[in-house]
Amino acid sequence: MVYKNLIGRFKWPIFLIGFIVIIYPMIALLLEALPSSSGAFTFFSNSRIRNLFFRTLVWSMSVSVGTVILASLASSFIWIKGLYKSLTLIVLLLLAFLVPPFIHSAAWSHILIDVFNLSYRTVASTTTTAWIQLCCYLSLAVGAITLALNNLDEQEIAVGKTLGNDFLVYRKVVLPSIKPVLMIILGLVFILSFADYTVPSLFAQNVYSLEIMAEFSSSYNAANALYLAIPLIFVQLVAFVIILSNVKKGIFQKEQRMKIGVSLRLPMLLQVITFTALAILVIVITIPIISLALNKGSLETITQALSASKREMHSSLRINFVAALSITIFVLPLSMSLMAVKRRKGVTILYVLPLVLPASLIGMSLIEAFYGILPREIYSSILLPVIAIWQKSLPFVLLLVLASLELSATKYLEAGNIYSSKSEVLLKILLPMQAPILLASFVISFIMGFNELGATLLVVPPGMTTLSIKIYNYLHYGATDFVNALCLVILLAATIAAIILGLLWKKRKALL
Amino acid sequence: MEKEKGSIMIKLTNINKEYDNKKILVDINLEVQSDSIVGIMGDSGSGKTTLLRTISGLTRPDYGIISIDNVVVEHKKIYVEPYLRNVGFIFQDATLWPHMTVKRNIEFGLSKLSKDRSEIRTIEVMKQTEVIDFASKYPHQISGGQAKRVALARALAPNPRYLLLDEPLTNLDEKAKSMLLDLLIKVREDNECTYIYVSHQKEEIKYLGSVIYKLEDGRVFKDA
């Protein structure tokens, strides 16, 4: 009710902008595909495609299950030992999440090929690729699970301790209590892994999302690519529904959690296992940094790499900055508009749908939606790459801001409504309260822009290249000093972002 | 251990506890006799909850000795885990685990029994505390008064000798309060359980017919 009063009729133009940028491209792609049914049955008629689909499905399930198990064990150690209080840990976890997948790939390639003297043929295996994907998502999973553990009502644990031993309490109270968050992470990692083709392609592994990209690249037929993508989208939607059905139970816990300082002591064997999981996490976090730092070459190489990539860096910074700024300005009104509608869940799903689409399909949908409609000058501008980043980052940031609005007590806004005008409530109460999460949205969108590859690859204007496209292309020729130096620059940017986000997280907690 | 009526079963000697340089419990000496009801009164922040948590083992004192049934359970390096102290604990909030049904909540402390014996004991204690009608419901589906009865059933299920009650009537309406008080009296007669009952309401403690102690600034006094 309070958001309905605040946003008023403005919600309709806001929904319209969101519709044009997020929903319309998907509709345009669908309309392009419908009349052409030639590729509609490829999935059923081609056994190679079917096998590839199921192989990728099993692969992504293994990555997500492995990530959740490892993360649960590491998080348990962090939580039991009280390490989550450390800002350094939060920063390191964020850092590992913000590092793009291709940097993880480059770093592990160095370790395996240069340090362990393995051949590329040996390294380019399913196991290595799955492991690197796990590395990409492990820190995100550990962060979320640790927060969930930290959010437990300790009185519930205290009661358990008066009735059973610590291991029983851990199995029957602690783990089931965080089950919704475990399911969210399982679904999210599955979605990210199932749609990713960058890591597998660098290790010569064919996956289903790469097949979709290849279909489009070979024929420039978006309809065939879409038909091919339908089974993938269906599975992604199932995973997405699992996430959404657990979000309310896992995140939107409004009641005050009791903190009374209860600790658990696990059996020795489990202590060893959880410590080992933590050690693996530390390795995952530090490997990219150490590997790139060792292989970056001289300072001269860095200078040369930076100077040779000036144009790409300039384009990336410009695209990412414009995208992040516009997303940050738009995400709060969109979130408020969603809070103000009756069928919020259904409408929200439409706006976060790009989360389940492979990046290449997003690129194709933008081509179908905007090419031939907009003035020619627009195609040589940064507009379409900016929209591509909107498609990839906005759903993620939108879910964060929606969660933040859900968690914030509306009583402050209602109290403001009694004494002040809507604009004053917005400027003096809502905006300051949500400022940390909005700043975090900016930083996340900016850094996610560096990670974006699949969609921008298709819509970047002629003569323009982004830093991630340049690095990805170079990686195909083998990781060189040059690429390492560029990766190190992105790593530095991610470090700064992680520190800012860590500080914002602390501030946000204080405001809740 | 066989308990003799009137013998000292819980003994606290020189219990001290500090939080953030603030003394919460100061030289507490307390003796609780078997089959008795000990009421502890005190204002908010006087240390009532900390005292119960120390007895149960959820909080360790800075120093002092606690013995239960003539066995030292807390002294320097000696520390007996809460679930091995033979005490039940009822908190201010019912604190039922939201992911378990009422029955599963009650069964939790019976994991050492066989399935059949656990089932028999669960049904027995559910009947006793009048919660059997909503055994398959989840905590969010029952009222505050019902939740408190489930918390009582859960604490009683392992048949503890001592029940520590931390303001159990908080957030209940008058009708639910008197129902729970009567149930506590009835249950104690059936189970021969010793109660340590903490509250800031003297009427509640008097209703149970208990020996009353006062806790002020971390020190315990017998109420005149």
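1. Confidence within chain B. In this predicted model, confidence in chain B is lowest in helix α6 (residues 202–207), at a mean of 84. Strand β4 (residues 63–68) of chain B marks the highest, at 94. The mean pLDDT of chain B is 88. Of its residues, 97% reach 70 or more.

2. Overall scores. The ipTM is 0.71. The pTM is 0.78.

3. Contact between the chains. Chain B brings 17 residues to the contact and chain A brings 16 residues. On the side of chain B that touches chain A, strand β7 (residues 87–90) of chain B supplies the largest share, three residues. By class, that side of chain B has nine nonpolar, six polar and two charged residues.

4. Chain A. There are 26 helices and zero strands in chain A. Of its 512 residues, 49% are buried. Among contacts in chain A with a separation of 6 or more, 87% come from residues 24 or more positions apart.

5. Where the domains of chain B meet. Nine residues of domain 1 are in contact with eight residues of domain 2. On the domain 1 side, α1 (48–56) and β8 (162–166) of chain B are the elements that each give two or more residues. β8(B) gives the most, with five residues. By class, this side of domain 1 has six nonpolar, one polar and two charged residues.

Technical notes:
Residues numbered from 1 in each chain as written. Chains lettered and ligands numbered in written order. Predicted model: local features only at pLDDT ≥ 70, side-chain atom pairs only at ≥ 80, totals over all residues. pLDDT = per-residue confidence, 0-100. Helix = DSSP H or I, 4+ residues; strand = E, 2+ residues; numbered from the N terminus. Contact = placed C-beta atoms within 7 Å. Nonpolar A, V, L, I, M, F, W, Y, C, P; charged D, E, K, R; others polar. Buried ≥ 20, exposed ≤ 12 C-beta atoms within 10 Å, placed from the backbone.
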